[in-house]
Amino acid sequence: MKTIRRGLSSAMVQAFLVVIGLVWMTPLAGLFLSSLRSAEDTAKGGWWTVFTAPGQLSFDNYSALLDNSGMTQAFWNTVLISVPATVLVVVIAALAGYAFAWLDFPGRDSVFLVVVALLVVPVQIGLLPVAKLFGQLGLFGTIPGVVLFHVAYGLPFAVFLLRNYFAEIPKEMLEAARMDGGSEWRIFTRLVLPVGRPAIASLAIFQFLWVWNDMLVALLFADSSSQPLTVALQSQIRQFGSNIDVLAPGAFLSLVIPVVVFFAFQRHFVQGVMAGSVK
Amino acid sequence: MTTTVVKEARRSSPARPDGARARRSRRRGRVIALLFALPALLLLGALVVYPVLFSIGRSLFDASGDTFVGGENYAEMFRDPTTLKAIRNTAIWVVVAPTLLTGLGLILAVLVEKIRWATAFKLLLFMPMAVSFLAAGIIFRLAYDEDPDKGVLNAAVVSIHDAFDEGSEYPTARARDGQGLNQQKDGSYVTGSPVSPGSATALGLVGVAPKDLPADARPAQQAAAQEAGADEVRGVVYLDFTPGGGGKPGVVDSRESGLPGMRVEAVQGGKTVASTTTAADGSFRFTGLKDGSYTLKLPKENFEQPYDGISWLGPTLVTPAIIGAYLWIWTGFAMVLIGAGLSTLPRDALEAARMDGANEWQIFRKITVPLLAPVLTVVFVTLVINVMKVFDLVYIIAPGPVQEDATVLATQMWLVSFGGGNNQGLGSALGVLLLLLVIPAMVFNVRRFRRSQR
């Protein structure tokens, strides 16, 4: 009797979770199917009509998107912003993380507390002052400007994460390296970076996704020639409804790379997002 | 912890005989340390710390930035109705979204432990974290489309609604004036002259296209010709229109169809005493009515417009709708974090309770939740910090005309500073307000860090 009841409740749990899983998949499936339908079909009915009329599906929207020079440029801009913004954050934060963990300079610990405090500073507060600053420096509206802003606002978390990870390195290892006469630079590149690889990987993935998916920062700091995909798509939102054949494939294209990164680096991804969620 | 480690390291290193050289090498060490930290410190100082100070200062000046106005922008924030709306909406967000997410995450984390495909399920629910708010916004803008032929949510709502309530068959039907049926204010029709038992009535309607007739509709003439019994009120409801023409208005002609499925009520003294539904040929009959005069009524349900779903992105529901999209993105996060906490719970405590005959619900309430409280707090606080800054989703999902109803602090700050408002004084004040709201989290982080270093 008891086992029957347990079996029944387990079947109910399974059924419930299957339903939840389907509900969670539907939005993405809907977007993908919408991206494969022509504007005329979209005007006539929802994406679920493809199950009865699969003839609607084609990759025409995607080839149209690839012929749209504005969109392809925006896609490259996304790459040109995300990759440097990720590399720079990792390099700069690794250097600083090592300094905060193992090197001695005046005020080190109080400065690090300031970094911890900066973890939750909202990017919004930086928009206006940095825009003015970049305007004076000629960086406003350029890709380097967008990159620099992302690097600066990625740093508190990055330094925090790497400093804490590096601090766990056994001091005997470092002492031994110093005894051998290794310079700090050598210790950093030969010892600290290899040991810190898991944390660096999580950080890189988190930062990459953060920048790749950003819209707000680029909305302000990028002009029309340097705007990433998110901003290019955003500018089409106003005519929502009439241009789903552009928005849906564009949105799908913009999320394909993060989702691939997600499945390829599940573990690092989850760790990075968990650690970085305090931002 | 690290400070002591470094000091010990230095103490244990062999003392140099030459003090000057030691001092020089120490200075060299400091210079190297500063060089390592310098790029980060410069960027943080110039692009994060300085802007915070600048914004605080700027928030004390007017829109143009020339006149010092003190706290005026902060007072304005609580006077201006749109800003006030933004504050109110942010409050709703901060209360509702983290609560729902923590609750949902907890339930799913507990349930997912009981299935074999837990990893696949967790991956599926976590995946939206990889999707940008912009893409999620487009996805949900599509899903929330008001037209049930386009938006999947309304398509589902309408088909569920119609499964329980078929809706009216004849939204377009109406009676011709002066043919015995009078339209009431609420959309129903009543007979102009009273009927009494023993009589038969023909109620003619027009305005139904022949192709919209139910498939089972039959001609009404035969039924209309039947005599009523002594205690009976009989009649037909028919379509007073002969396809191809030739019919006489007000008369049931041979090719005129009955209107099946129509509700008919017998009303006496304002009260409905009997009701029935017409048959395939449009006929209806009331039996066992007491003597007296009655009015026949075709209630408004017969003529209601078809149900077309919920206005998700209308002014009232837009914030809950956007919170729904936010749940899609963040539930996996809450579930995985709580699940990690769950796996550290002492198995023996749970097993012992099970042995003692506690049921799953009691274990959940009395053991799991209290033991998980610290993890739940962390999840909740993390979500609150993130929810306060929500921008893209609101900006993308709320259609232009309802943008003002959906606005939150982050979008309002953007609109005021850059999106046409062009009041950078008020915009800075809103930015500072956002910063003030996360200060508790800031203090929490700093405290937690200092404790971990002891």
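This briefing walks through charged surface patches and aromatic ring pairs. The model is predicted: local features need pLDDT of at least 70, side-chain atom pairs count only at pLDDT 80 or more, and totals for chains, interfaces and linings use all residues. Residues are numbered from 1 along each chain as its sequence is written, chains are lettered from A in the order in which they are written, and side-chain values use heavy atoms, leaving out hydrogens and water.

**Charged patches on chain B**

- A patch of positive charge on the surface brings together B:Arg21, B:Arg23, B:Arg24, B:Arg26, B:Arg27 and B:Arg30.
- B:Arg30 sits in helix H2 (residues 19-58) of chain B; helices here are DSSP runs (H or I) of at least four residues, and strands (E) are runs of at least two.
- With a relative accessible area of 34%, B:Arg30 is partly exposed (buried means under 20%, exposed over 50%, partly exposed in between, with a 1.4 Å probe and protein chains only).
- On the negative side, B:Asp162, B:Asp165, B:Asp186, B:Glu301 and B:Glu304 form a surface patch.
- You will find B:Glu304 in the loop between strand E8 (295-298) and helix H9 (318-343) of chain B, where B:Glu304 is partly exposed at 38% relative accessibility.

**Aromatic pairs**

- Over all chains there are 39 aromatic pairs, counted when ring centres of Phe, Tyr or Trp (its six-membered ring) lie within 6.5 Å; planes under 30 degrees apart are stacked, over 60 edge-to-face and the rest tilted.
- One of them is the edge-to-face pair of A:Phe75 and A:Trp212, at 5.9 Å centre to centre and 80° between the planes.
- Because A:Phe75 lies in helix H4 (residues 69-102) and A:Trp212 in helix H10 (residues 197-212) of chain A, this pair ties together parts 137 residues apart in sequence.
- Both partners are buried: A:Phe75 has a relative accessible area of 18% and A:Trp212 one of 4%.
- A:Phe134 and A:Phe221 are also edge-to-face, since their ring centres are 5.5 Å apart and their planes stand at 65°.
- A:Phe134 is buried at 1% relative accessible area, and A:Phe221 is buried at 0%.

**A ring cluster**

- Ring pairs join A:Phe100, A:Phe105, A:Phe112, A:Phe160 and B:Phe449 into a cluster.

Methods
Patch = residues over 30% accessible without salt bridge, like charges linked within 9 Å, V, L, I, M, F, W, Y side chains within 5 Å. Areas by Shrake-Rupley, 256 points an atom, 1.4 Å probe, with all protein chains shown as cover. Salt bridge = Lys/Arg side-chain N within 4 Å of Asp/Glu carboxyl O. Lys, Arg positive; Asp, Glu negative; His and termini not counted. Charge placed at Lys NZ, Arg CZ, Asp CG, Glu CD.
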